[in-house]
Amino acid sequence: MPPADYSVRGSVAAITFSNPPMNTMAHALRVALRERLQQAFADPAVRAVVLIGAGRAFCAGAEIREFDSPLSVASPNLRELIALIESSAKPVVAAIHGFAMGGGLEFAMGCHYRVAAPAAQLALPEVKLGLLPGAGGTQRLPRALGAERALGMIVSGDPIEARSAAGTALVDAVVEGDLLDGAIAFAEALLAQNRPLRRLRDLAVNVANPGFFARERERLAAAHRGLPAPVKCVDAVEAAARLAFDEGVKFERRCFDELLAGGESKALRHAFFGERAVTKIPGIPEDTRIREIRSAAVVGAGTMGGGIAMAFANAGIPVKLLEANPEALDKGMAAIRRNYAATVARGKLTQAEMDKRIARISTTLAYTALRDADIAIEAVFEDLQVKKQVFTVLDDVMKADAILATNTSTLDVDAIAASTTRPQAVIGTHFFSPANVMRLLEIVRGAKTSNETLASVMKLAKMLGKTGVVSGVCDGFIGNRMVERYLQQAFFLLDEGALPQQVDRALQDWGMAMGPFAMSDLAGNDIGWHIRKRRAIERPEFAYSKIPDRLCELGRFGQKTGSGFYRYETGSRAPVPDPVVDKLIEDYRAEARITPRTIADGEIVERCIFALINEGARILEEGIALRAVDIDIVYLAGYGFPRYRGGPMFFADTVGLGNVIAAMEKYRKGYHGECWTPATLLAKLCAEDKAFT
Ligand code: NAD
């Protein structure tokens, strides 16, 4: 199919444009559209024009492959195409099906009229990349929908269905049957009724409530700390109401350029492209055979096993859950039911849907019942011997081409694989708790894991709605290995003079979804305690504050015991600072003869975040992570790292690696300064004036 096909029916020209799969506005398409539009305007037989997308969509917006390349702005740009349509003496009708997103919707709004399939999705999602619509979208949409509704769409970036805008100037008619036929009939009717050309730019902006802009600005500034785009969207929509159209467009352009050059949008674009980049694994050919996962087995119905079974059930995949004894199985199923029931109680799931999902989970005590599953995921106790036994049995009973996966957080996947006769089919699937909710899935590739197993599990991640990131084998993989260094600093800060609530607030103000102490209380302080006991034997050089151990000795494991670094009221997850903890910290400092000092928030943030970066650099130099962006996506999807800072490695680049190293040198002179030796890769990149991303 050529980029734009031209045909004439009666007195209406139909331009069917195509850039599969989503008709994004690549430069070649814009050139073809200009040619076809000029042809139609010059064709004496043609009195009206219909624009329709081929295939699945009208147009999904800018071509991301051209982002940041000269082609993205090469003539004709989108604004020039829209100007061409608006200057036409013949009416142009956009016929919208599938999606009209971003630049695609701006293009449609440049047409004189729009007709749409009822369920077509219309959106201006630029805010999700830290931008605003830059081709008149903030000026035309308020003229079509009124300022309030338009701003709602622009600041959320979320789509609306065409039928919900029927009768507004955004959707002049909803077409139930064949869209092209309907659009041509609409154009014929325009001609028959001699309807005037209507340009959105000529309409007035309806503002129902004058206090609206100020209120929205305040609300959005509070809701999106650190992100300028949402408030800029308000400014631009207000400009549409305040200024003449051409002035408003200029104002929009200035806002767009400012946002495009700003760090937040760069970080959000890094995150957006990163999520796509991590799905591509170097060295794995496109045509690698993918094993379809139509059914699954989960061994162990504890916290993780239950959540993993729910993740499968939620994705429509039947799953068998195996336990060591009937009591544990009943307990596991009861927890699953409770979890689903809570979601139903919150109105997020219907009872009927809950029943369907639960029906996809069957239980068993017999390994032979798992035989036909395409994948078995082991989630038993974190004990190498127990896991090896489970894998030996799985290897024995599972069908020959089944994948065997382990949910271990710290154990050696290669050692587990060695207990089977099919190490090529063994892989780590490191889910995060709660496994049915958390988006991140670390996919741990063992020394012998085959391309086919890896590619199949990457595909499975997508089916489960997870962000799969590949990690090599090491203690803690990417995410937890780094978080250990982050927590190490957070704990040292307590020794030196800070309190948990100060550290948490400093990091939350900086943008982390949750501070390290609230996070530890949520995950369970006993997990780290257990690991530190092992460390004392395996890696005695790994220094720790003693404060978290003292806390655990009191049984303060966090939310699950009602107290940890904070205390928790019954039934509440809100951390309440606890004088008992303050006293424990003070006593420890006295005992260790540490004179506490006042610690600035800036130091807290630098020490915790730079510790993450330094360990990230080691993970990269060891080849545990394939690329810096994989580390960033782990932190964005699994650890509440602020998206507008792009992830730890991207953030390091924005700070400048020289500045990161200089700060580390400064901390090297302080408390437990031995932690601050810069990673070889960090020092090397800095010396070569290079960056991680
Ligand atoms: P858990 O103690 O809640 O559950 C383990 C379950 O396995 C128990 O129900 C137990 O009865 C069952 N089990 C033990 N041996 C078994 C056997 N031989 N056969 C069948 N069932 C057996 O533990 P969990 O928190 O769900 O952790 C499970 C695994 O997931 C561990 O490897 C852990 O390191 C890992 N993990 C845990 C988390 C977390 O946050 N809890 C996060 C990621 C990974």
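Predicted model: local features only at pLDDT ≥ 70, side-chain atom pairs only at ≥ 80, totals over all residues.
Student: What do the buried residues of α26 pack against?
Tutor: Helix α26 covers residues 657–668 and reaches 16 Å from its first C-alpha to its last, close to the 16 Å expected. Its buried residues are L657, V660, I661, A663, M664 and Y667. They cover an arc of only 160° around the axis, so they are on the same side of α26. The elements they pack against are α23, α25 and α27.

Student: Why does the end-to-end distance of α12 agree with its number of residues?
Tutor: Helix α12 runs over residues 326–345, which is 20 residues. At 1.5 Å a residue it should span 28 Å, and the distance agrees because its end C-alpha atoms are apart by 28 Å.

Student: Around the axis of α12, what arc do the buried residues cover?
Tutor: The buried residues of α12 are L329, G332, M333, I336, Y340 and V344. An α-helix has 3.6 residues a turn, so residues three or four places apart point the same way.

Student: Which exposed residues does the face of α12 turned away from its buried side carry?
Tutor: The buried residues of α12 pack against α11, β11, α13 and β12. The face turned away from that buried side carries the exposed residues E327, D330, K331, R338 and A345.

Student: Which residue caps the N-terminal end of α12, and which residue follows the helix with a positive phi?
Tutor: At the N-terminal end, a side-chain oxygen of N325 lies 3.2 Å from the backbone nitrogen of E327, so the cap is N325. The helix is followed by a residue whose phi is positive, near 80°: G347.

Student: Is R269 buried or exposed, and what is its relative accessibility?
Tutor: R269 is found in helix α10. Leaving aside neighbours within four places in sequence, R269 is in contact with F67, D68, L129 and L260. R269 and L129 are 140 residues apart in sequence, but their C-alpha atoms are 5.6 Å apart. R269 counts as buried because its relative accessibility is 5%.

Student: Is R242 buried or exposed, and what is its relative accessible area?
Tutor: R242 is found in helix α8, which covers residues 229–242. R242 and V205 are 37 residues apart in sequence and 8.7 Å apart in space, C-alpha to C-alpha. R242 is exposed because its relative accessible area is 52%.

Student: How far from an oxygen atom of the ligand does a polar side-chain atom of S409 lie?
Tutor: The ligand is surrounded by 23 residues, and the closest include M304, E323 and S409. A backbone N or O atom of M304 lies 2.7 Å from a ligand oxygen atom, and for V380 such a backbone atom lies at 3.4 Å. For the polar side-chain atom of S409, the distance is 2.7 Å.

Notes
Residues numbered from 1 in each chain as written. Heavy atoms only, no water. Helix = DSSP H or I, 4+ residues; strand = E, 2+ residues; numbered from the N terminus. Expected span 1.5 Å × (residues − 1). Buried < 20%, exposed > 50% of the residue type's maximum accessible area, 1.4 Å probe, protein only. Contact = heavy atoms within 4.5 Å. Polar contact = N/O pair within 3.5 Å; in protein donor to acceptor, adjacent residues only side chain to side chain. Near = heavy atom within 4 Å. Arc of directions from axis to C-beta.
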